[in-house]
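I set out to record what was looked up in this structure, entry by entry.

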Amino acid sequence: MDITDLVSALLRGAADEPRCDRCIAVTLRETLTAVRRALPIVLDSSNDYARRATRCTACGESTVTVVYAPAVKCTRCSRTVAPPDGISEHGDVFHHHCWDVLRSELRIANSRQLARLSREVVRRSRERLDGNGQNPPAR
Ligand SMILES: [Zn+2]
Ligand SMILES: [Zn+2]
C-alpha cells in the first residue's frame, strides 16, 4: 500500500475526527516528512478531506489537522455544504443563506397565517356584537 492510501484509509476509518500530521505519522509508523508529502495528494483526491485548524482528536493539541468529513448536502438546495458554510437545524444541514431564505419564508407564512387568524377573530367578534345588538350601526 502506498502511503497516500494508508493516510486516506486511516482518515476514512476515523470520519469527522481531525488528526494532526504528527499523530498520523505515529499511527502509520511513517516519518512526518512522508506524511506531509502524502497529505496534499490525499486532500486533492477528494473534497471529503479537509484541512482544519482545530484540536487533534488523538493528541488533543490545537493545531492544523486533516479530517475525513464526507460531503453533507443542504436540505434545501441539495448542494454540498462545506463545514464552515453549514448550519445544522433540527437534524438537517443547510447553507447559511439557504437557512436565512427558509427562515424568512417561514416568517412570511407565519405572518400570513396570523393575518388570516386576526381577520377571523375580528369577523367573529363583529358577528357577536351584531347579534347582541350592543353595537348598532352608526346613524
Ligand atoms: Zn495529534
Ligand atoms: Zn443550500
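**Entry 1: helix 1 against helix 2**

I looked up the contact of two helices and found that L6, V7 and L10 in helix 1 meet I24, T27 and L28 in helix 2. Contact requires C-beta atoms, placed from the backbone, within 7 Å. Helices (H or I, at least four residues) and strands (E, at least two) are DSSP runs, numbered from the N terminus. Of the residues in this contact of helix 1 with helix 2, five are nonpolar, one is polar and none is charged. Ala, Val, Leu, Ile, Met, Phe, Trp, Tyr, Cys and Pro count as nonpolar, Asp, Glu, Lys and Arg as charged, and the others, Gly among them, as polar.

I note that the model is predicted: local features need pLDDT of at least 70, side-chain atom pairs count only at pLDDT 80 or more, and totals for chains, interfaces and linings use all residues. Residues are numbered from 1 along each chain as its sequence is written, and chains are lettered from A and ligands numbered from 1 in the order in which they are written.

Two packed helices are described by the angle and the distance between their axes. The axes of helix 1 and helix 2 come within 11 Å and cross at roughly 105°; axes are lines fitted to C-alpha atoms, for helices over the stretch in contact, and angles run from 0 to 180 degrees between N-to-C directions. Helix 1 and helix 2 are therefore roughly perpendicular to each other, a label given to angles of 65 to 115 degrees.

**Entry 2: helix 2**

I listed C23, I24 and A25 as the buried residues of helix 2. A residue is buried if 20 or more other C-beta atoms lie within 10 Å of its own. These buried residues of helix 2 pack against helix 1, strand 1 (19-20) and helix 3. Just after helix 2, R29 takes a positive phi of about 55°.

**Entry 3: the core**

I then turned to the largest nonpolar core, which has 14 residues; V7, L11, I24, V35, A38 and L39 touch the most other members. Such a core joins buried Ala, Val, Leu, Ile, Met, Phe, Trp, Tyr and Cys residues through C-beta atoms within 7 Å. Helix 3 gives the largest share of this core, four residues. Not counting residues up to four places away in sequence, V35 touches V7, D21, I24, A25, L28 and E30.

**Entry 4: V66**

I found V66 in strand 3. V66 is buried, with 24 other C-beta atoms within 10 Å.

Technical notes
Buried ≥ 20, exposed ≤ 12 C-beta atoms within 10 Å, placed from the backbone. Parallel < 35°, antiparallel > 145°, perpendicular 65-115°, else oblique.
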